[in-house]
Amino acid sequence: MSGIDGYDFRRYRRPAAYLTSLAALIALAAWQAEVDLGMFFRNADKGVAQLGAHFPPDSSVIGIMVKESLITVAMALLATPLGGAISLVFGIAAAKNISPPFIRSIARGLISIERALPEIVVLLFLIVVFGIGYFAGIMALAIGCVGMLGRLLGDAIEEIDKKTLESVELVGVTRSQLVRYAVLPEVLPAFISNLIFRFEVNIRASVVLGAVGAGGVGYELGKAMDLSDYQQATTAILAIVVLVLLSERLSDFLRKKVNAKSAALA
Amino acid sequence: MIRIDGLCKKLPDGRSLLNNISFSVKAGEFVGILGGSGAGKSLTLRCVMGLVQPTAGDIIFSRTKASGEEETFCIQNLSERRLREARRDMGVIFQGGNLVKRLTALENVMMGRLGHISPVRSWLYGFTDQEAKEAYEVLKSMKMEDYASRRVGNLSGGEQQRVAIARAIFQKPALYLADEPVSSLDPKNARKVMKLLKPLSKDKPVIGVFHQPHLTAEFCTRVIAIKGGEIVYDGAPDLDAATLAMVYEGELEEVAREPASVAADASSGFAAEEVASLRPGTITP
């Protein structure tokens with residue numbers, strides 16, 4: 001057919017075949033999801049009207065929004081170290097070079113399950129257990145850390161030079177001492193950097209969780225939208241934007257400090 | 001004292017890596033183990049450390065306890081707890097040091113005593129000022145006191161090796177084991193390290209695996225040569241050319257070439273140290 005001397009030329013047309021199948025899949029998905037581009041243009045005026053209803057922002061609730069924003073920050077501030085502590089345990093248990101195979105596979109399994117669950121699913125479950133409120137929100141955020149931080153820590157520990165661990169072990173130490181003096185010094189800076197990043201993620205996540213009842217500025221936004229009080233909602237949205245931007249700046253600043261310090265002394 | 005008796009190690013497929021290795025080393029001896037690559041030198045040492053379980057044979061390690069009585073360990077059949085106890089009395093020095101790179105030189109030295117400290121204390125308190133002071137004194141004896149508060153990762157290979165020796169000394173072991181301690185060093189630093197290892201053998205047995213016959217001839221009191229997992233020579237350190245050729249076979253040429261490069265490398269070794277201290281952000285406090 002298309003081959004000469006057993007050389008198959010068809011391999012050079014495969015990209016086209018992949019693109020065609022991809023396009024077909026996208027079309028199928030659009031059809032299934034009832035995508036209607038016409039609706040976008042027919043309802044454009046409604047969108048503009050809705051935007052208009054959001055302005056001007058309601059300045060009478062600024063005080064409430066600031067207070068609720070602080071609650072959101074407090075939730076993230078409580079949840080991040082708590083989640084970090086849980087992740088530390090799971091991360092150490094998930095590293096095959098210091099953890100027995102049985103415990104490691106359990107830890108890895110739980111971490112994977114957590115990663116697969118969005119925070120909101122965890123929260124919906126916890127609300128049943130603890131009731132609507134801050135506590136369920138904080139626990140959901142803390143548990144939400146484990147999937148990311150636990151996995152990153154476990155992987156970082158597994159990358160520690162085997163010879164270093166061996167040489168410390170040969171001093172005649174217990175496993176907990178090995179963790180304290182050989183494992184943690186090597187992985188802690190990266191872990192702290194990840195933890196700070198997770199704080200930023202938790203601020204954003206707590207806004208979303210707030211809207212489903214965990215409290216804070218997200219809850220205020222959800223309430224205002226439900227009551228069709230769009231000007232109040234705008235104030236909440238502005239508070240959220242400022243909050244997220246500030247937390248991003250703070251996290252960037254702190255992580256740069258941690259990284260610079262650990263690089264200087266690497 | 002350490003006595004190895006009929007040590008054998010076979011792979012599951014029946015290949016023999018060590019075959020009937022027997023020797024004993026007492027205080028005052030600095031034994032250099034020589035052999036081509038894959039001969040089983042390091043494997044023998046790893047059996048002594050309890051890292052590899054031998055197929056047959058005894059490894060008998062005895063130490064004098066603080067109370068003055070003699071205690072004997074059979075390394076090959078110890079519980080994990082007893083193995084830890086035995087290891088506390090073995091000062092191990094590896095090629096490249098294998099230290100914790102992010103801790104300071106002094107912290108790495110102090111770690112030599114970690115086995116004597118309860119896990120609770122190591123988590124909640126750490127080392128006492130007295131221990132820190134003693135560790136500093138040992139570093140000083142290695143002429144490394146200026147580097148005490150520098151992270152080991154910033155030190156050159158020769159400096160790291162000296163920290164590793166300091167750690168082993170601080171451990172106050174009953175036996176020193178050195179697995180290719182000078183292989184990653186240039187000739188000048190290799191000699192420096194050999195000069196530091198030699199005095200350790202005054203009151204404790206020292207066993208080292210080496211690749212350089214000229215260094216073992218100069219510093220060791222006895223050489224054991226291993227070939228294909230068997231001891232082919234055990235005696236005076238100054239091996240004659242014929243024995244060396246037998247031990248190393250095809251590799252002899254590379255081994256023999258090394259002394260000639262001493263002069264050429266001596267300056268470059270110094271340069272490496274200089275460069276390391278000039279790296280940005282590594283200013284000595």
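What share of the contacts in chain B with a separation of 6 or more comes from residues 24 or more positions apart? It's 69%, with two residues taken to be in contact if their C-beta atoms, placed from the backbone, lie within 7 Å.

This is a predicted model, where local features need pLDDT of at least 70, side-chain atom pairs count only at pLDDT 80 or more, and totals for chains, interfaces and linings use all residues. Residues are numbered from 1 along each chain as its sequence is written, while chains are lettered from A and ligands numbered from 1 in the order in which they are written.

**View 1. Chain B has both helices and strands.** Look for eleven helices and ten strands here; helices (H or I, at least four residues) and strands (E, at least two) are DSSP runs, numbered from the N terminus. Of the 285 residues of chain B, 45% count as buried. Buried means that 20 or more other C-beta atoms lie within 10 Å of a residue's own, all C-beta atoms being placed from the backbone.

**View 2. Chain A has eleven helices and zero strands.** Its radius of gyration (taken over C-alpha atoms) is 25 Å, well over the 18 Å that the globule rule (2.2 Å times the number of residues to the power 0.38) gives for 266 residues, so chain A is more spread out than a compact globule. Along the principal axes, the C-alpha atoms of chain A fill a box of roughly 70 × 70 × 40 Å.

**View 3. H6(A) packs against H9(A).** The angle between helix H6 (residues 119-130) of chain A and H9(A) is about 35 degrees, and their axes are 10 Å apart. Axes are lines fitted to C-alpha atoms, for helices over the stretch in contact, and angles run from 0 to 180 degrees between N-to-C directions. On the H6(A) side you'll find Glu119(A), Ile120(A), Leu123(A) and Ile127(A), which meet residues of H9(A) including Ala205(A), Val208(A) and Leu209(A). Sorted by class, this contact has eight nonpolar, one polar and one charged residues.

**View 4. Chain A meets chain B.** Here 21 residues of chain A are in contact with 24 residues of chain B. Helices H8 (162-169), H9 (175-214) and H11 (230-264) of chain A each supply at least two residues of the side that touches chain B. H9(A) gives the most, with seven residues. That side of chain A divides into eleven nonpolar, six polar and four charged residues. Nonpolar covers Ala, Val, Leu, Ile, Met, Phe, Trp, Tyr, Cys and Pro; charged covers Asp, Glu, Lys and Arg; the others, Gly among them, are polar.

Note on methods
A residue is buried if 20 or more other C-beta atoms lie within 10 Å of its own, exposed if 12 or fewer, and partly exposed in between; C-beta atoms are placed from the backbone.
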